[in-house]
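Please look through the following model with attention to how its parts are put together.

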Amino acid sequence: MRNSLIALTALLLLPAAALAQPPADAMPLSQIIASIEGQADFGYIKEVDWDDDGYWEVEYYTRDGRKVDVRLDPMTGEPRR
């Protein structure tokens with residue numbers, strides 16, 4: 001019974017998980033991250049998340065410790081306004 005419940009839960013969550021990803025023709029995330037890492041004041045990336053509204057949300061810190069949150073377009077890698 002427990003295994004059936006776990007399998008059913010996984011099947012119900014699968015469609016939602018399939019929707020929570022960037023478009024197939026989006027820029028590779030590695031390329032987007034490389035553009036952030038190439039900035040002169042870049043320190044380190046703390047977190048990268050895909051937002052269901054259609055953008056990458058990146059939290060990083062500069063060398064002087066300033067926190068930066070950016071929302072990046074998955075197609076261009078440019079910040080969203």
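**From one isoleucine to the whole fold**

Once its neighbours within four places in sequence are set aside, isoleucine 33 is in contact with Ile45, Val48 and Val58, where contact means heavy atoms within 4.5 Å. The model is predicted, so local features need pLDDT of at least 70 and side-chain atom pairs count only at pLDDT 80 or more, whereas totals for chains, interfaces and linings use all residues. Residues are numbered from 1 along each chain as its sequence is written, and side-chain values use heavy atoms, with hydrogens and water left out.

The protein chain has two helices and three strands, which follow the pattern α-α-β-β-β when read along the sequence; helices (H or I, at least four residues) and strands (E, at least two) are DSSP runs, numbered from the N terminus. The three strands form an open sheet in the order 1-2-3, with antiparallel pairing, two strands being paired if DSSP finds at least two bridges between them. Strand 1 and strand 3 stand at the edges with a single partner strand each, so one side of each is left without a neighbour in the sheet. Neighbouring strands are turned by 20° against each other on average, direction ignored, where axes are lines fitted to C-alpha atoms, for helices over the stretch in contact, and angles run from 0 to 180 degrees between N-to-C directions.

Eight bridges join strand 1 to strand 2, and tryptophan 50 has tryptophan 56 in strand 2 as its bridge partner. Helix 2 (residues 29–37) packs on this sheet, touching strand 1, strand 2 and strand 3, and its direction makes about 145° with that of strand 1. Six bridges join strand 2 (residues 55–62) to strand 3, and tyrosine 60 stands opposite valine 68 in strand 3. These two strands form a hairpin with four residues between them, and glycine 65 in the turn has a positive phi of about 90°.

In a regular strand the side chains alternate between the two faces of the sheet. Strand 3 (residues 67–72) has a covered face made of Val68, Val70 and Leu72, while Lys67, Asp69 and Arg71 make up the uncovered one.

Which residues make up the largest nonpolar core? The twelve are Met27, Ile32, Ile33, Ile36, Phe42, Trp50, Trp56, Val58, Tyr60, Val68, Val70 and Leu72, a nonpolar core being a set of buried Ala, Val, Leu, Ile, Met, Phe, Trp, Tyr and Cys residues joined through side-chain atoms within 4.5 Å. Helix 2, strand 1, strand 2 and strand 3 each supply at least two residues of this core. Phenylalanine 42, found in strand 1 (residues 42–51), is buried at a relative accessible area of 13%, where buried means under 20% relative accessible area, exposed over 50%, and partly exposed in between (1.4 Å probe, protein chains only). Beyond its neighbours within four places in sequence, phenylalanine 42 is in contact with residues including Ile36, Tyr60 and Thr62.

There are two salt bridges, each defined as a side-chain nitrogen of Lys or Arg within 4 Å of a carboxyl oxygen of Asp or Glu. One joins the side chains of arginine 66 and aspartate 41 (3.2 Å, N to O). Arginine 66 lies in the loop between strand 2 and strand 3, and aspartate 41 in the loop between helix 2 and strand 1, so the pair ties together parts that are 25 residues apart in sequence. The side chains of aspartate 69 and lysine 67 also meet in a salt bridge (3.9 Å, N to O).
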